Amino acid sequence: MLVAADKFKGSLTAVEVAERVTAGLRRVVPDVVVEALPVADGGDGTVAAAVAAGFERREVRVAGPLGHEVTAAFAVRDDTAVVEMAEASGLQRLPAGVYAPLTASTYGSGELLRAALDAGVRTIVFGVGGSATTDGGAGMLSALGARFLDEEGEPVAPGGGSLAELSRADLSGLDPRLASVELVLASDVDNPLTGPKGAAAVYGPQKGASPDDVEALDAALAHYAKVLEAEAGSKAAECAVAPGAGAAGGIGYGALLVGARFRPGIEVMLDVLGFAPALERAELVITGEGSLDEQTLHGKAPAGVAAAARAAGKEVVAVCGRLALPPVELGRAGIRRAYPLTDVEPDVATCITDAGPILERVAERIARDFLT
């Protein structure tokens with residue numbers, strides 16, 4: 001039995017999901033062998049999943065999205081580091097109820113990447129998602145040595161809004177170690193940098209951007225890409241329309257510009273976490289996340305787990321807080337059956353506050369259906 005589930009956002013971490021499912025299974029079949037492999041798709045929770053898989057957690061003080069210092073973690077094993085931009089620049093780093101769509105910066109994410117370079121690794125998996133920012137990765141690049149200047153030759157202020165004032169970009173000071181590592185951009189979205197499917201239009205409202213803010217940010221990002229084209233040539237224009245450029249407020253664009261290779265986040269993380277050998281040992285796979293819905297089918301962790309399991313001929317069931325997919329869609333994704341918390345406790349608020357005990361009861365159902 002392999003439990004490879006993502007977090008239930010706002011209720012349980014991926015590690016806690018695995019613990020609760022295991023407890024519920026063993027209440028029905030005490031001697032069942034369960035292997036837990038918490039997973040993530042590159043967004044928040046990615047470092048925690050790596051640590052649960054045996055990576056070493058390391059902490060460093062970096063700038064949060066508003067410039068205040070925060071303690072952020074990354075993970076290292078052998079010559080590979082897992083860096084999660086949300087640790088430094090995520091929405092969870094903002095005070096409750098506070099958004100800063102025009103001024104939030106990814107500078108701390110660049111500091112995290114620099115810390116990974118300092119650790120001497122050869123591969124950096126850069127998980128992006130859950131960001132508070134829409135600065136196209138300008139803050140990150142600044143922390144790595146780039147300079148973004150206005151007409152007076154002064155650095156532009158942090159945040160995506162200030163990119164409208166950008167006159168010149170200087171990439172000559174970028175950390176030379178970037179050229180000697182494999183940088184993998186791990187994301188569950190493939191949006192371009194700008195336009196109707198770009199970083200500002202699609203994700204800006206989630207970060208508190210008004211319609212006027214979205215328009216201003218999209219124009220500022222387009223201007224930023226144009227200025228970078230003058231500095232870096234056609235590569236800058238190509239990166240702006242490449243899959244993943246719009247990820248996490250455009251930080252994907254900045255990563256691609258310095259040579260990152262884009263891969264779907266869950267695929268990368270399954271490789272890094274050692275999913276294939278764990279899958280070989282399993283007879284049944286339990287995956288899941290907080291909400292199984294249309295988004296799940298587009299690169300989220302459960303879909304990636306189910307696809308890999310199906311290719312290996314293994315049966316998959318899913319646990320979730322809320323189920324918004326019909327059985328036919330679940331089947332197409334490779335999930336035989338889903339077990340939402342709401343089947344046990346119809347009140348959604350209770351499911352959120354008491355997710356752990358309810359999930360154990362759900363796992364008991366799975367054990368009775370598949371193990372007895």
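Let's start with the largest pocket. Its volume is about 1,200 Å³. A word on terms: on a 1 Å grid over the protein atoms alone, a pocket is an open set of points where a 1.4 Å probe fits, with protein on both sides within 12 Å along at least five of seven lines. Lining residues have an atom within 4 Å of a point. The volume is the space filled by probe spheres set on the points, and grid points are joined across faces, edges and corners.

Before going on, note that this is a predicted model: local features need pLDDT of at least 70, side-chain atom pairs count only at pLDDT 80 or more, and totals for chains, interfaces and linings use all residues. Residues are numbered from 1 along each chain as its sequence is written, and side-chain values use heavy atoms, with hydrogens and water left out.

By class, the lining holds 14 nonpolar, 19 polar and 13 charged residues. Here Ala, Val, Leu, Ile, Met, Phe, Trp, Tyr, Cys and Pro count as nonpolar, Asp, Glu, Lys and Arg as charged, and the others, Gly among them, as polar. At least two lining residues come from each of α9 (247-257), β10, β11, β12 and α14 (348-353). Those labels are DSSP runs, numbered from the N terminus: helices are H or I with at least four residues, strands are E with at least two.

Now the second largest pocket. About 280 Å³ of space lies there. Of its 21 lining residues, Ser105, Gly139, Ser142, Ala157 and Pro158 are closest to the centre. The lining splits into 12 nonpolar, 7 polar and 2 charged residues.

Next, the sheets. Two strands pair if DSSP finds at least two bridges between them. For angles, axes are lines fitted to C-alpha atoms, for helices over the stretch in contact, and values run from 0 to 180 degrees between N-to-C directions.

Look at β9, residues 182-187. Is it mostly buried or exposed? Buried: 5 of its 6 residues are, meaning under 20% relative accessible area with a 1.4 Å probe, protein chains only. β9 pairs with β6 (residues 123-127) in the parallel sense, over 5 bridges. Thr123 stands opposite Glu182, and Ile124 has Leu183 as its bridge partner. With β10 (residues 261-264), β9 also runs parallel, joined by 4 bridges. There, Ala186 is partnered by Arg263.

Which helix covers this sheet? Within α4 (residues 107-118) sits Ser109. Ser109 counts as buried because its relative accessibility is 0%. Leaving aside neighbours within four places in sequence, Ser109 is in contact with Met85, Ala88, Ser89, Phe126, Met140 and Ile251. Contact means heavy atoms within 4.5 Å.

On to the other sheet. It is open too: 5 strands, in the order β2-β1-β11-β12-β13, with parallel pairing. The edge strands, β2 (35-36) and β13 (337-340), each pair on one side only. β1 (residues 2-3) joins β2 through 2 bridges, running parallel. Val3 stands opposite Ala36. Helix α12 (residues 301-311) packs on this sheet, touching β11 (284-292) and β12 (315-323), at about 160° to the direction of β11. Helix α15 (residues 355-370) packs there as well, touching β11, β12 and β13, at about 150° to the direction of β13.

Last, a helix pair. The axes of α7 (residues 211-232) and α8 (residues 234-241) come within 6 Å and cross at roughly 140°. From α7, the contact uses Ala225, Leu228, Glu229 and Ala232; from α8, Ser234, Lys235, Ala236, Ala237 and Ala240. These divide into 6 nonpolar, 1 polar and 2 charged residues.

Technical notes
Buried < 20%, exposed > 50% of the residue type's maximum accessible area, 1.4 Å probe, protein only.
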